[in-house]
Amino acid sequence: MIGKILDVGHVRSTVGAFWFYVLSLVLLVGISTTVVHFFGMAGIIEGGGHFFSGSEIHTLIGTLFVLFVSGLILTHRKLTSDIFSVLLVGIAIYLAYTTSVLLGLIPVALLTTLKK
């Protein structure tokens, strides 16, 4: 069931896009928290903070996650020549980096509702 929700080639309804957003957010929180904790224990970074407090390292990891997932959606659905889809990815990356990853994943979830 989780694999079906995370399938980037599947065109979703609004409810499916909502669950894609929720599951991607949970996955991102887990990955980001684990990576920051590991880097903190290894002495690479100090004071990573919590995911929802918005530290710099969490913002960078979240922005890279948004870039990775949206890139997978674009290439898997062959939407790289669609200017609206590429513009939506640009907006998602901008929102993820400047405001919050929570807002940056919204255009990615909307991208899953677009047809070829």
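User: Which residues make the nonpolar surface patch of about 330 Å²?
Analyst: Val-15, Phe-18 and Trp-19 make that patch. Patch residues have over 30% relative accessible area and no salt bridge; nonpolar side chains (Val, Leu, Ile, Met, Phe, Trp, Tyr) are joined within 5 Å, like charges within 9 Å. A salt bridge is a Lys or Arg side-chain nitrogen within 4 Å of a carboxyl oxygen of Asp or Glu. Areas come from the Shrake-Rupley method with a 1.4 Å probe, and for residues only the protein chains shown count as cover.

User: What kind of model is this, and how are residues numbered?
Analyst: This is a predicted model: local features need pLDDT of at least 70, side-chain atom pairs count only at pLDDT 80 or more, and totals for chains, interfaces and linings use all residues. Residues are numbered from 1 along each chain as its sequence is written, and side-chain values use heavy atoms, leaving out hydrogens and water.

User: Where is Val-15 found?
Analyst: Val-15 is in helix α2, residues 14-42. Helices are DSSP runs (H or I, at least four residues; strands are E, at least two), numbered from the N terminus.

User: Buried or exposed?
Analyst: Val-15 is exposed, at 54% relative accessible area. The cut-offs: buried is under 20%, exposed is over 50%, partly exposed is in between (1.4 Å probe, protein chains only).

User: New topic. How do α4 and α5 pack?
Analyst: Their axes are 7 Å apart, at an angle of about 165°. Axes are lines fitted to C-alpha atoms, for helices over the stretch in contact, and angles run from 0 to 180 degrees between N-to-C directions. So α4 and α5 are roughly antiparallel. That word needs an angle over 145 degrees; under 35 is roughly parallel, 65 to 115 roughly perpendicular, the rest oblique.

User: Which hand is the crossing of α4 and α5?
Analyst: Left-handed. In such a crossing the near helix is turned anticlockwise from the far one by less than a right angle; clockwise is right-handed.

User: And α2 with α5, at what angle?
Analyst: About 140°, with the axes 9 Å apart. That makes α2 oblique to α5. The crossing of α2 and α5 is right-handed.

User: Last one. What stands out about Lys-78's phi?
Analyst: Phi of Lys-78 is near 60°, a positive value in a residue other than glycine. Lys-78 sits in the loop between α3 (56-76) and α4 (83-98).
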